[in-house]
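Below is a set of questions and answers on one protein model. The structure is shown first.

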Amino acid sequence: LFYLLVLPSVCFDCLVALDTAAFGGSTRWPEMTYVTFLSCLLIVFGPPLALYVLVIAQSSQLIILSIGSAFFWILSIMVSSILWFVVIPLRTTPVFIIPFAVIFQELVRFGFWKLFDKAYNGPWKDEPSRPPVFMASMSIGWGIGVTMALVMQTSILSNAIGPGDLPAPACPQVSLFHIHALITLAMLLLHITLSIIAFDAYTRRSYVLIGYTYVAHAALSFATLWNQNGGSCVGSVLFSYGVLGVSVFIAWRLALSENNTLLRYLKNR
């Protein structure tokens, strides 16, 4: 179902791009706004939905952690919004608000880790069904990422239904909805991996990995600015998934460590 809905929309964008390059956009293409809407919806929420059904929904503890982390992330965005509203110069220059937003979100992640660590080594210490740290941190990152995606995609997807398409400012031959969906998915998955990395780093007091979470989060956030006029959509998407790939590799190595015991969890499954 995913590919049946995504591929027609991507092929349609390719045809429009070829028509624009060869004939100046004179061909009248049939309206495919609903296909664009569904494809972007599945691009962003397909992977996290599968992760929820296969992993998180199997444990009530993981569900509670994901809901709690979503609430904490909303608090960080509220603080960023208040700062953006109070400091007038921040309203016109996104470059200055992004670092503050990243810091607030990472501080909230740290605060949630403190609460989780007290509960995990306190009331949950003798609980035989408590999830591994890897699964708990992944669920917390899932709650943050999905909430972020809902905030980012609500207004965009409502416009994707029609009556027309919207080209990306940096590359008018590509749909803005698809570029936004791809970057939102990268940011969503990055939040999951950064939660895994951050929880392990805070537990072991690894300042290198703690610094990496801030740098990776800020780097992907700044990469979204490349989609403006004069930027590069391809560069933005490639850079975003490059940062995500490095984070996935680090998170996977940490998940196999003795502290997170992913292998033992998989064996018990």
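Q: How do the residues of the lining of the largest pocket divide into nonpolar, polar and charged?
A: This is a predicted model. The lining of the largest pocket is made up of 25 residues. Nine of the lining residues are polar and none is charged. The nonpolar residues number 16.

Q: Which helix supplies the largest share of the lining of the largest pocket?
A: Helices that each give at least two residues to this lining are α3 (60-86), α5 (94-120), α6 (133-160), α7 (176-204) and α8 (207-223). The largest share is seven residues. The helix that supplies this share is α7.

Q: What is the volume of the largest pocket?
A: Ile 98, Met 152, Ser 221, Thr 224 and Leu 225 are the lining residues that lie nearest the centre of the largest pocket. The volume of the largest pocket is about 840 Å³.

Q: Is Thr 184 buried or exposed?
A: Thr 184 is part of helix α7. Its relative accessibility is 0%. A residue counts as buried under 20%. Because its value is 0%, Thr 184 counts as buried.

Q: Which side chain does a polar contact of 3.2 Å join to that of Thr 184?
A: Leaving aside residues up to four places away in sequence, Thr 184 touches Val 44, Met 148, Ala 149, Met 152 and Gln 153. Among these contacts, a polar contact of 3.2 Å joins the side chain of Thr 184 to that of Gln 153.

Q: What distance separates the C-alpha atoms of Thr 184 and Val 146?
A: Along the chain, Thr 184 and Val 146 are 38 residues apart. Their C-alpha atoms are separated by 9.7 Å.

Q: Which residues does Ser 240 touch, not counting residues up to four places away in sequence?
A: Ser 240 sits in helix α9 (residues 233-255). With a relative accessible area of 0%, Ser 240 is buried. Once residues up to four places away in sequence are set aside, Ser 240 touches Ile 183, Ala 186, Leu 220 and Ala 223.

Q: What percentage of the contacts with a separation of 6 or more is accounted for by residues 24 or more positions apart?
A: The contacts considered here are those in the protein chain with a separation of 6 or more. Residues 24 or more positions apart account for 74%.

Key
Residues numbered from 1 in each chain as written. Predicted model: local features only at pLDDT ≥ 70, side-chain atom pairs only at ≥ 80, totals over all residues. Heavy atoms only, no water. 1 Å grid on protein atoms, 1.4 Å probe; cavity = no way out; pocket = protein on both sides within 12 Å on 5 of 7 lines; lining within 4 Å. Points joined across faces, edges and corners; volume = space filled by probe spheres on them. Helix = DSSP H or I, 4+ residues; strand = E, 2+ residues; numbered from the N terminus. Nonpolar A, V, L, I, M, F, W, Y, C, P; charged D, E, K, R; others polar. Buried < 20%, exposed > 50% of the residue type's maximum accessible area, 1.4 Å probe, protein only. Contact = heavy atoms within 4.5 Å. Polar contact = N/O pair within 3.5 Å; in protein donor to acceptor, adjacent residues only side chain to side chain.
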